[in-house]
Amino acid sequence: MRRLLPTTERARLTALYGGLLLLAGGVLAGVIYVLVQDDLDARLGRAITPVPRGPRITSEDDIPPGSVRGDEYTVLPANKAGEAARTRTVAALTATTLSRLLTVSGIALGVFAVLSLFLAWWMAGRVLRPVGVITATARKLSGENLHQRIGLKGPPGELKALADTFDQMLGRLEQLVTAQQRFAANAAHELRTPLAVQRAAAEIGLADADPERVAWIRAELIKAADSSERLIESLLLLAATDQGIQRREDVEMDETVAVVTAGFSDEAHEKAITVTTTVEPLTVPGDPVLLAHLVRNLVANAVAYNHRGGRIRVHLAGRVLQVSNTGPEIPADTVHRLFEPFRRLNERTHTAGEGAGLGLSIVASIARAHGAEATADANPGGGLSVSVCFP
């Protein structure tokens with residue numbers, strides 16, 4: 001773990017930290033030297049008593065016999081002799097003290113320089129260790145181990161926030177990759193069904209040349225082809241909406257809802273379903289084609305998963321579009337799963353003409369692309385209510 005990052009980064013931080021510590025130590029030693037130098041003369045001058053003047057010497061005749069001029073005695077005025085002696089003593093003590101201080105400061109500064117480099121190297125390692133853990137985790141990540149997390153322990157800080165953000169990003173990536181893998185597996189399974197129907201119809205129906213069998217296989221093949229086409233179109237639409245909206249324009253949602261709902265009048269009439277439409281003016285910035293698909297999928301699901309003689313209520317008020325229908329009872333704990341791709345209320349019966357289970361997932365994807373939110377609730381008497389709240 002200690003060598004996950006290039007050594008140059010640690011060396012740069014070591015040089016930076018060590019240089020700053022050494023500079024601070026040098027400045028401190030210089031300040032101490034200057035303060036001691038300025039203060040030492042005054043303190044020593046006050047501490048040393050003036051030297052006694054000794055015998056009065058005013059001329060060469062007063063020099064004691066046998067003395068050498070300038071050796072033990074100096075010819076000075078009487079009132080200057082004690083002051084000169086004290087000045088020489090203070091200067092000698094000051095020079096000796098400052099020389100000793102400078103020597104000790106130099107040695108201490110050298111020891112401090114070595115110690116500061118060691119501390120800077122250790123500090124840089126401590127600072128870069130979480131970054132090294134993040135780097136190691138990122139290198140080990142793949143589609144098979146996205147469940148791994150950094151889980152950095154420590155007090156709150158910038159690096160802790162970075163590690164936690166990285167863990168949250170891994171969680172989102174894991175959900176996305178898992179959803180894509182599940183989507184690919186479900187898509188392959190769904191596409192296999194119409195192909196199997198086509199193969200079986202061709203093998204059985206073409207075993208003899210009976211006109212009725214030929215007509216039957218023709219109808220089955222057309223039905224399977226239509227089912228495959230609808231499935232592929234739904235997959236392409238879902239992929240397109242997941243990538244976001246390329247262009248936006250003002251869409252009159254009240255007109256879109258009214259026109260799309262009216263297009264299902266024949267299907268609703270065949271099943272004796274009563275459709276009630278209530279709309280208020282609403283303009284939404286977005287893609288008109290995708291928003292029409294959103295309304296179409298909602299109404300199509302309400303018609304398809306309804307019982308004969310049922311009801312459908314399409315209501316647009318404020319900034320909320322709600323489509324509610326009667327139908328079979330839906331367990332409340334399974335409603336949220338209906339927005340997942342290829343999710344149905346009941347297991348498929350392997351019939352080519354049944355839905356692919358992409359209607360509500362496309363609704364949710366289009367809603368997200370427009371900054372809206374799609375939710376669903378199970379009606380007490382059976383059926384489903386789907387709401388799309390636009391921002």
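Is V31 buried, exposed or partly exposed, and what is its relative accessible area? I would like to start from that residue, keeping in mind throughout that what we have on the screen is a predicted model.

V31 sits in helix α1, which covers residues 7–47, and with a relative accessible area of 41% it counts as partly exposed, because that class runs between the limits of under 20% for buried and over 50% for exposed. V31 also belongs to a nonpolar surface patch, together with L23, V27 and L35, and these residues have about 370 Å² of accessible area together.

Let me set that beside the annotation. The UniProt record, an unreviewed entry, places the feature "transmembrane region" at residues 15–36 and again at residues 101–124. In the model, residues 15–36 are 100% helix and 0% strand, with 31 Å between the end C-alpha atoms. For residues 101–124 the content is likewise 100% helix and 0% strand, and there the end C-alpha atoms are 33 Å apart.

Now to the sheet, which is open and built from five strands in the order β2-β4-β5-β7-β6, with mixed pairing. Its edges are β2 and β6, the latter at residues 373–378, and each of these pairs on one side only. From one strand to the next, the twist averages 10 degrees.

Within this sheet, strand β4, residues 311–317, runs antiparallel to strand β5, residues 320–325, and six bridges join them; in that pairing H315 stands opposite Q322 of β5. Strand β7, residues 384–389, pairs with β6, also in the antiparallel sense and over six bridges, and here A378 has L384 in β7 as its bridge partner. β6 and β7 make a hairpin with five residues between them, and in its turn G382 has a positive phi of about 110 degrees.

As background, most residues other than glycine have a negative phi. A272 is partly exposed, at 38% relative accessibility.

Technical notes: Residues are numbered from 1 along each chain as its sequence is written. This is a predicted model: local features need pLDDT of at least 70, side-chain atom pairs count only at pLDDT 80 or more; totals for chains, interfaces and linings use all residues. Side-chain values use heavy atoms; hydrogens and water are left out. UniProt positions are given in the numbering used here, feature names are shortened, and annotations may be inferred rather than shown by experiment. Helices (H or I, at least four residues) and strands (E, at least two) are DSSP runs, numbered from the N terminus. Patches are made of residues with over 30% relative accessible area and no salt bridge: like charges are joined within 9 Å, nonpolar side chains (Val, Leu, Ile, Met, Phe, Trp, Tyr) within 5 Å. Accessible areas come from the Shrake-Rupley method with a 1.4 Å probe; for residues, only the protein chains shown count as cover. A salt bridge is a side-chain nitrogen of Lys or Arg within 4 Å of a carboxyl oxygen of Asp or Glu. Buried means under 20% relative accessible area, exposed over 50%, partly exposed in between (1.4 Å probe, protein chains only). Two strands pair if DSSP finds at least two bridges between them. Axes are lines fitted to C-alpha atoms, for helices over the stretch in contact, and angles run from 0 to 180 degrees between N-to-C directions.
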